[in-house]
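Here are some notes to read alongside the structure, written for someone meeting it for the first time. Keep the 3D view open and go through the points in order.

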Amino acid sequence: MPTRREPVQFDSLDDATEWLLTRTDGPLHVAGPLGLGKPHRLLNALYQRVEADPSQRLHLYTALSLDPPAAGEGLQARFLGPFLQRHFGDDFPRLAYVRALKRNVLPAHIEVEEFYLQSGALLGSPQAQQRYASLNYTHVARALADRGVNAVLQKVAREPGGTRLSLSCNTDLTFDTLDEIAARGLPRPVLIAEVDPELPWLGGTAAVDPDFFDAVLTPPGPHPKLFGLPREPVTDADYAIGFHASTLVLDGGTLQIGIGALADALCHALALRHTDNPTYRRVLHALGSPRADDPALAPFTDGLYGCTEMINEGFKRLVEVGVVKRRVVDDAEVMSRINAGTATEDDHTIVARDGEFLHGAFYLGSPEFYDWLRDLPDPDRDGIGMKRVSEVNELYGGNETLERLQRRHARFFNTCMMATALGAAVSDALDDGRLVSGVGGQYNFVAMAHALPQAHSVLMLRSTRGAGDKAGSNVLWNYGHTTVPRHLRDVYVTEYGIADVRGRTDEDCIAAMTAITDARFQAALIEAAARAGKLRRDFALPAGTAGNTPARLRSALAPLRREGTLPEYPLGSDFTPVEQRLARALGWLKGRTADRSGRLKTVLRALPGGATNDHEAAERMSLQNPSGPGEIVESRLLALALRETRG
């Protein structure tokens with residue numbers, strides 16, 4: 001094996017860009033990690049250089065190009081403008097290629113191909129939609145080798161007081177891609193690291209020697225903040241879904257979760273189950289869960305092992321309260337004896353010394369989450385192992401025997417946008433083919449759940465979308481796009497319960513899915529199924545399902561909301577208290593003004609109401625002294641929304 005030289009050191013973005021261009025012949029085929037590991041400043045410098053030179057072609061392969069939202073206009077701008085400035089900072093480096101894609105003005109000599117899009121951000125960009133690559137996460141490394149990647153640019157952390165570098169937030173694809181390229185006998189890509197002192201250090205399998213890279217760029221400060229995902233409020237429906245889903249988790253099992261309000265609700269439920277079991281069961285009783293008194297839903301003794309594509313805010317909470325604590329080791333014989341209950345004292349010593357309780361392929365979260373990672377005590381830091389996506393998201397090609405032993409009683413929780421009554425899931429795209437996000441690792445976990453004994457894939461979804469006359473069901477008879485096919489149906493959870501449809505007949509699957517559908521849409525679903533000959537004409541749902549309504553759910557959870565058992569932001573909030581009130585009010589207003597008729601009715605109702613007496617909210621929105629017709633209308637609308645959403 002040839003001796004590797006010390007990497008070239010740069011402190012200038014322009015110098016690093018120039019060096020890269022001199023090291024590669026012909027078109028640049030650049031891979032950049034998804035999400036947080038993307039070196040925004042270096043990519044922007046490269047884009048600026050290539051944009052000005054049409055003779056230099058650039059192909060960028062990446063995913064999840066994080067871009068802060070625009071402030072918008074009107075009341076939204078008054079709310080979001082100050083928040084975005086505080087949360088992301090004035091100097092956050094927005095990706096130049098994303099700005100071009102959103103305007104559909106990417107130059108002809110620059111091509112950007114992504115396999116996962118920031119949710120909903122590029123629906124209106126034909127350039128982004130046309131160059132989307134529909135890939136399972138575990139197939140991306142193969143695709144990058146197919147495309148002839150000749151450069152990899154990655155953000156890294158530097159070891160405190162040391163010389164090593166850490167891939168930290170993104171161990172997911174870099175190692176797999178290099179191995180795939182080497183296996184084909186292709187030249188090793190040029191690797192450039194951009195050191196970010198804001199990025200938390202994680203050692204273990206995430207750490208590499210400096211000569212892993214060909215060049216190391218350490219740009220001067222000030223250093224922009226890491227991209228922080230604003231934590232979302234959790235609704236009644238979200239909580240109901242999370243608590244129903246939590247009943248599926250077995251002590252001593254394995255946990256994978258996605259991201260968003262449904263995952264937050266699930267993690268809050270699991271934490272409450274462990275720390276205040278009587279209150280946890282009160283919530284289940286309020287929801288009418290048939291498992292509310294099940295002895296199996298006791299606090300966790302063995303705890304859970306986290307094996308997840310993405311480590312996020314929810315895992316922070318579960319580690320802190322002692323739910324995620326079951327350690328695994330890379331020794332099949334030890335794991336076999338641990339699982340069988342025949343472990344020796346030496347086995348337990350090995351697990352305590354070398355075991356890890358949380359494995360992930362990448363991480364992303366709030367600023368508070370990054371602070372947690374930075375400040376972890378060594379025993380907890382040593383319990384977190386950043387892995388290749390091929391190790392986390394599948395069983396095959398690595399050490400299948402070991403991974404089966406580690407991943408006992410696995411529960412893989414993900415979200416979907418819609419589901420069909422026959423058990424297919426719609427998670428990433430609309431029926432006209434436009435991508436909302438991407439497949440990512442969802443199919444990987446669905447397939448793995450079917451391959452592991454006593455494992456389940458659990459897809460969570462809200463039963464409806466929209467409000468009032470605009471409400472529609474998310475459980476449909478049919479849809480023009482499918483992410484997970486019906487033959488891999490397993491478990492679905494809505495706010496109205498659990499549908500276990502694995503291996504069931506079409507008729508039984510339809511009955512189970514309809515039973516967790518909003519009552520307003522059950523009849524149409526039953527009629528469509530009967531018309532297709534999939535359901536008997538005399539079919540009738542159990543009487544209790546007629547109570548599948550938002551009003552009943554709201555009434556059932558209201559006391560738990562008032563007492564603080566179900567907080568609006570269970571994992572913490574990036575909003576101040578006044579911003580939380582405003583976010584609630586503006587959400588209500590958005591739902592009431594979604595169409596022209598609704599806007600007119602709401603304005604006419606707001607005008608006579610006068611200004612708000614919530615002076616703190618008015619000041620935060622710069623509406624304490626409205627002047628001119630536009631500001632007066634905004635002030636009255638805000639006052640109405642605050643009154644309607646007052647707790």
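**Notes on charged and aromatic side chains**

1. Let's start with Arg184, which forms a salt bridge with Asp146; their closest N and O atoms are 2.6 Å apart. The two residues come from distant parts of the chain, 38 residues apart. Arg184 belongs to the loop between helix 7 (174–183) and strand 7 (190–195), while Asp146 is in helix 6 (residues 140–146). Please bear in mind throughout that this is a predicted model.

2. Arg184 has another partner to look at: the side chains of Glu180 and Arg184 also meet in a salt bridge, at 3.2 Å from N to O. Are these two residues buried or exposed? Arg184, with 36% relative accessibility, counts as partly exposed. Glu180 counts as partly exposed too, because its value of 25% falls between the 20% and 50% cut-offs.

3. Side chains of opposite charge can pair when their charged atoms come close. In this model the count comes to 48 salt bridges.

4. Next, please find Arg231 and Glu313, whose side chains meet in a salt bridge with an N to O distance of 3.5 Å. This pair also links distant parts of the chain, 82 residues apart. Arg231 lies in the loop between strand 9 (215–217) and helix 8 (236–246), and Glu313 is in helix 11 (residues 313–320). Both Arg231 and Glu313 are buried.

5. Arg41 is buried because its relative accessible area is 14%, below the 20% cut-off. Its side chain is joined to that of Glu194 by a polar contact of 3.3 Å. Neighbours within four places in sequence aside, the residues in contact with Arg41 include Leu13, Pro93 and Val195. Several prolines are among them as well: Pro219, Pro220, Pro222 and Pro224.

6. Now for the rings. The model has a count of 18 aromatic pairs. Phe115 and Tyr137 form one that is tilted, with 5.7 Å from centre to centre and 40 degrees between the planes. Phe115 is in the loop between strand 4 (110–114) and helix 5 (126–130), and Tyr137 is in the loop between helix 5 and helix 6, 22 residues apart. Phe115 is buried at a relative accessible area of 7%, and Tyr137 is buried at 1%.

7. Two last sites deserve a look. Phe79, Phe83, Tyr569 and Phe575 form one aromatic cluster. Elsewhere, the charged end of Arg188 sits over the ring of Phe212, 5.4 Å from the ring's centre.

Notes. Residues numbered from 1 in each chain as written. Predicted model: local features only at pLDDT ≥ 70, side-chain atom pairs only at ≥ 80, totals over all residues. Heavy atoms only, no water. Buried < 20%, exposed > 50% of the residue type's maximum accessible area, 1.4 Å probe, protein only. Polar contact = N/O pair within 3.5 Å; in protein donor to acceptor, adjacent residues only side chain to side chain. Contact = heavy atoms within 4.5 Å. Salt bridge = Lys/Arg side-chain N within 4 Å of Asp/Glu carboxyl O. Helix = DSSP H or I, 4+ residues; strand = E, 2+ residues; numbered from the N terminus. Phe/Tyr/Trp six-rings, centres within 6.5 Å; stacked < 30°, edge-to-face > 60°. Lys NZ or Arg CZ within 6 Å of the ring centre and 35° of its normal.
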